[in-house]
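Q: Could you take a close look at one part of this model for me? I'd like to hear about the aromatic rings and how they pair up.

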Amino acid sequence: MAKIDPALLTLRFNTNDKWTKTVLSDFDSFLNDHAQAEKKASGMAMSMLSHYPDRPELVSAMIDLCIEELAHFREVIKLMQARNLQLGNDEKDPYVNQIRKHIRKGDSENYMLDRLLTAAIIEARGCERFGLIGQSHTDASLQKFYQLIAESEGKHHMLFLDLATLYIDQPIIEERLDELLDVEASIIETLPLRAALH
């Protein structure tokens, strides 16, 4: 698998302290949202491998990712149960839904590229925000947990970029990634603050 320069996926809006304070002030709600995000990430990986069964490298990578995201889901559920919290109902993620509106339909190559790149960007945002919790939480065990989650998310976003290089020429990847990073920055900057990953 070809490697792409990690610097190409540099987020263009930095999450500010207000988000971190909002999350830490209602951490129970954040845990529920985090659990839902891990569950949805596992489902997304399963959807990708189902959509592209003819691409063995992608299938193998998505199987591993699906299992890893489910393991994260299980760990967050354990944290919730230790606090006597129950998993709530699924809620639509306004951030993810807005990003998905920019996935091009019609041309199969463009559609696959956009799915891979938007997944990479979403994972990069998760890496940034989980890292902030890992730096800021007062509970040492949660600091460690979220630092490990952030490291994992960092590997995930590079996985999606590297998969893209198997199927699409790098100049095309770089051009579209540049466009989608601007889209993501405008979306995340305007979303209301809440005790959620996005």
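A: Let's start with Trp-19, which has a relative accessibility of 2% and so counts as buried, the cut-off being under 20%. Keep in mind that this is a predicted model. Phe-30 sits at 0% relative accessibility, so that residue is buried too.

Now for how these rings meet. Phe-30 pairs with Tyr-146 in a tilted arrangement, with 6.0 Å centre to centre and 55° between the planes. Because Phe-30 belongs to helix α2 and Tyr-146 to helix α6 (residues 140-167), this pair ties together parts that lie 116 residues apart in sequence. Both Phe-30 and Tyr-146 are buried.

The count for the model comes to 7 aromatic pairs. One of them joins Trp-19 and Phe-30: the ring centres are 6.3 Å apart and the planes stand at 80°, so this pair is edge-to-face. Trp-19 is in helix α1 (residues 17-25) and Phe-30 in helix α2 (residues 27-51), so here the parts tied together are 11 residues apart in sequence. Ring pairs link Trp-19, Phe-30 and Tyr-146 into a cluster that also includes Phe-27, Phe-130 and Phe-145.

As for the setting, the protein chain has 7 helices and 0 strands. Buried residues make up 49% of its 198 residues. Among contacts with a separation of 6 or more, 83% come from residues 24 or more positions apart.

Conventions:
Residues numbered from 1 in each chain as written. Predicted model: local features only at pLDDT ≥ 70, side-chain atom pairs only at ≥ 80, totals over all residues. Heavy atoms only, no water. Helix = DSSP H or I, 4+ residues; strand = E, 2+ residues; numbered from the N terminus. Buried < 20%, exposed > 50% of the residue type's maximum accessible area, 1.4 Å probe, protein only. Contact = heavy atoms within 4.5 Å. Phe/Tyr/Trp six-rings, centres within 6.5 Å; stacked < 30°, edge-to-face > 60°.
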